[in-house]
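Work through the exercises below with the sequence and the model at hand. Each task is followed by a solution in steps.

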Amino acid sequence: MENQESPFKAGLNSGLILGFISVVITYILYFIDPTLLVAWYVGIGILVLYFGLIIYFGGQYRTSIGGFMTFGTAFNFAFVAMVVSGIISMLGSLLLYNVVDPALPGVLIESQMETQMAMLERFGAADAMTSEQIDEIRSGLENGYTITGQIKAFGFLLIAYAILALILGAILKKRDKSLDY
């Protein structure tokens, strides 16, 4: 019997690649236009790319282990890949926000506030907002860019990663029908 790579190791390798790609994209966007880092359409594009790459790497892993993969193996692969990628991405963001450009969070917060206020105006709710509510929104955004805020956000992301890994596990699994009897 040949020595097969474990889903943890395959997920770790894929997560390292995904994390590196994520950091590179973040820094490219930063150099092009920092406000792209908080643009919703960029976030959706990156999410689609991220899913596509996990499915691609998962398909490669499934092929390397004989062409079949159980749901549990697929889930473990996807979850490990996302967690490793998320840690690397978070570290890259912390480096960007705290070392490379400590003024960047302020720029991003202003961009997010403008977007949120424009959305509230479209719904007719901007006039009902008090200055205290606006300050509370700004404070919440500011907290999100701190080291503690990034770590808390990653904690919530773990739950999202588990849900997404369930979906990706269902996509990646492939049962060996020749074993049915």
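**Exercise 1.** Decide whether Arg138 is buried, partly exposed or exposed, and find the salt bridge in which its side chain takes part.

Solution. The model is a predicted one.
- Step 1: The relative accessible area of Arg138 is 24%. Buried would need a value under 20% and exposed one over 50%, so Arg138 counts as partly exposed.
- Step 2: The side chain of Arg138 meets that of Glu110 in a salt bridge, with 2.5 Å from N to O. The count for the structure is one salt bridge.
- Step 3: Glu110 has a relative accessible area of 38% and is therefore partly exposed too.
- Step 4: Arg138 belongs to helix α5 (residues 131-144) and Glu110 to helix α4 (residues 104-122), so the pair ties together parts that are 28 residues apart in sequence.

**Exercise 2.** Classify the ring pair of Tyr61 and Phe77, then the pair of Phe154 and Tyr161.

Solution. 
- Step 1: The structure contains seven aromatic pairs. One of them joins Tyr61 and Phe77, whose ring centres lie 5.6 Å apart.
- Step 2: Their planes stand at 10°, and planes under 30 degrees apart count as stacked, so this pair is stacked.
- Step 3: Tyr61 sits in helix α2 (residues 40-64) and Phe77 in helix α3, so the pair links parts 16 residues apart in sequence. Tyr61 and Phe77 are both buried.
- Step 4: For Phe154 and Tyr161 the centres are 6.2 Å apart and the planes make an angle of 70°, which is an edge-to-face pair. Phe154 and Tyr161 are both buried.

**Exercise 3.** Describe the surroundings of Ser85.

Solution. 
- Step 1: Ser85 is found in helix α3 (residues 71-100).
- Step 2: With a relative accessible area of 2%, Ser85 is buried.
- Step 3: Apart from neighbours within four places in sequence, Ser85 is in contact with Gly15, Leu18, Gly19 and Tyr50.
- Step 4: The side chains of Ser85 and Tyr50 are also joined by a polar contact of 3.4 Å.

**Exercise 4.** Which helix gives the most to the nonpolar patch?

Solution. 
- Step 1: Helix α6 (residues 147-172) contributes the most, with five residues.
- Step 2: Ile171 is placed in helix α6. Its relative accessible area of 47% makes Ile171 partly exposed.

Note on methods:
Residues are numbered from 1 along each chain as its sequence is written. This is a predicted model: local features need pLDDT of at least 70, side-chain atom pairs count only at pLDDT 80 or more; totals for chains, interfaces and linings use all residues. Side-chain values use heavy atoms; hydrogens and water are left out. Helices (H or I, at least four residues) and strands (E, at least two) are DSSP runs, numbered from the N terminus. Buried means under 20% relative accessible area, exposed over 50%, partly exposed in between (1.4 Å probe, protein chains only). A polar contact is a pair of N or O atoms within 3.5 Å; within protein, one must be able to donate a hydrogen and the other to accept it, and residues adjacent in sequence count only if both atoms are side-chain atoms. Contact means heavy atoms within 4.5 Å. Rings of Phe, Tyr and Trp (its six-membered ring) pair if their centres lie within 6.5 Å; planes under 30 degrees apart count as stacked, over 60 as edge-to-face and the rest as tilted. A salt bridge is a side-chain nitrogen of Lys or Arg within 4 Å of a carboxyl oxygen of Asp or Glu.
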